[in-house]
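Morning, everyone. Please have the sequence and the 3D view open.

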Amino acid sequence: MATSNTSSLEQRMPTLFVPHGAGPCFFMDWNPPTAWNAMAEFLKGVAASLPAKPKAIVLVSGHWLQPSFSVTSAARPGLIYDYHGFPPHTYELRYPAPGQPELARHVTELLGQASLAAREEPQRGFDHGMFIPLKLMFPGADIPVVQLSLRSDLDPLAHIEAGRALEPLRDEGVLIVGSGMSFHNMRGYGDPRFGPISDTFDRWLTAAVEAAPAERDDRLRHWEQAPAARLCHPPRAEEHLLPLLVAAGAGATSSGRKVFADRVMETTLSAYRFG
């Protein structure tokens, strides 16, 4: 018979870093038509991989940067279609997930207790780094979501520490999701020369994630020293990698591992899980 402590550990939410694709890529025609199929299937399978249905989600998107950590706090946030040049129907996509003001307040309090300035943003909606992957992960849109910004100074340690501050949420049934891309050099997508470059960084990143937690955090803090790091995430454009650092910080002592990888637009794109 499982002890109550074992039962609690079994129900503890993991943390995730997921690729959110290119704009609304999963909901439109692409060339080649199957480019995003494997990633879409991975995202659709996330819910079944969890120990229970999340009571709420805290999602960190690579598409929201603020001087200090900011949290959506409206009860019914709208959607922000922050992509350009896509088919008209992609601007009519809907994802009516509720917000949760109480959770937003809790998130800001936890960050504040870690000496990280944070504020609530009642006017801010959900950007596509949130609603595009969640439409596949949790299509019912019935789980409350709070979106957390990145900090615009892009300081790696601050984002790891933010994740650490939010770790207690995992025991409250809250799923913490970093939404970004493990490779995000816009000039590299579609260029076969970047295939080996993305592979080199992906191998380093996977080894870092799968290292013992203390070593993992130290490696991720110094991710710029990785081979090919700045070819995969150009200077001042690492906003799509930093959600991984938040997820890793919230992973705390939980082990990390790669749970998905695919070759898309000539580059390797991966997803990671902690716990």
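Start with Ala-252. This residue comes after helix α9, and its phi is positive, near 50°. A word on helices and strands: both are DSSP runs, numbered from the N terminus, with at least four residues (H or I) for a helix and at least two (E) for a strand.

Before going on, some ground rules. This is a predicted model, so local features need pLDDT of at least 70, side-chain atom pairs count only at pLDDT 80 or more, and totals for chains, interfaces and linings use all residues. Residues are numbered from 1 along each chain as its sequence is written, and side-chain values use heavy atoms, with hydrogens and water left out.

Back to α9. How many of its ten residues are buried? Ten of the ten, so α9, residues 242-251, is largely enclosed by the rest of the structure. Buried means under 20% relative accessible area, exposed means over 50%, and partly exposed lies in between, using a 1.4 Å probe and protein chains only. The buried residues of α9 include Leu-242, Pro-243 and Val-246.

Now the whole chain. The protein chain has nine helices and eight strands. Its radius of gyration is 18 Å, close to the 19 Å from the globule rule for 275 residues, so the chain is as compact as a globular protein of that length. That radius is taken over C-alpha atoms, and the rule is 2.2 Å times the number of residues to the power 0.38. The C-alpha trace spans about 50 × 45 × 45 Å along its principal axes. Of the 275 residues, 56% are buried.

Next, contacts, meaning heavy atoms within 4.5 Å. Among those with a separation of 6 or more, 80% join residues 24 or more positions apart.

Last, the aromatic rings. The whole structure holds 13 aromatic pairs. Rings of Phe, Tyr and Trp (its six-membered ring) pair if their centres lie within 6.5 Å; planes under 30 degrees apart are stacked, over 60 edge-to-face, and the rest tilted. Take Phe-26 and Phe-27. Their ring centres are 6.5 Å apart and their planes at 90°, so this pair is edge-to-face. Phe-26 is buried at 15% relative accessible area, while Phe-27 is partly exposed at 22%.

Then Tyr-81 and Tyr-83. Their centres are 6.3 Å apart with planes at 85°, so they too are edge-to-face. Tyr-81 is partly exposed, at 23%; Tyr-83 is buried, at 3%. Ring pairs join both to Phe-86, Tyr-91 and Phe-131 in a cluster.
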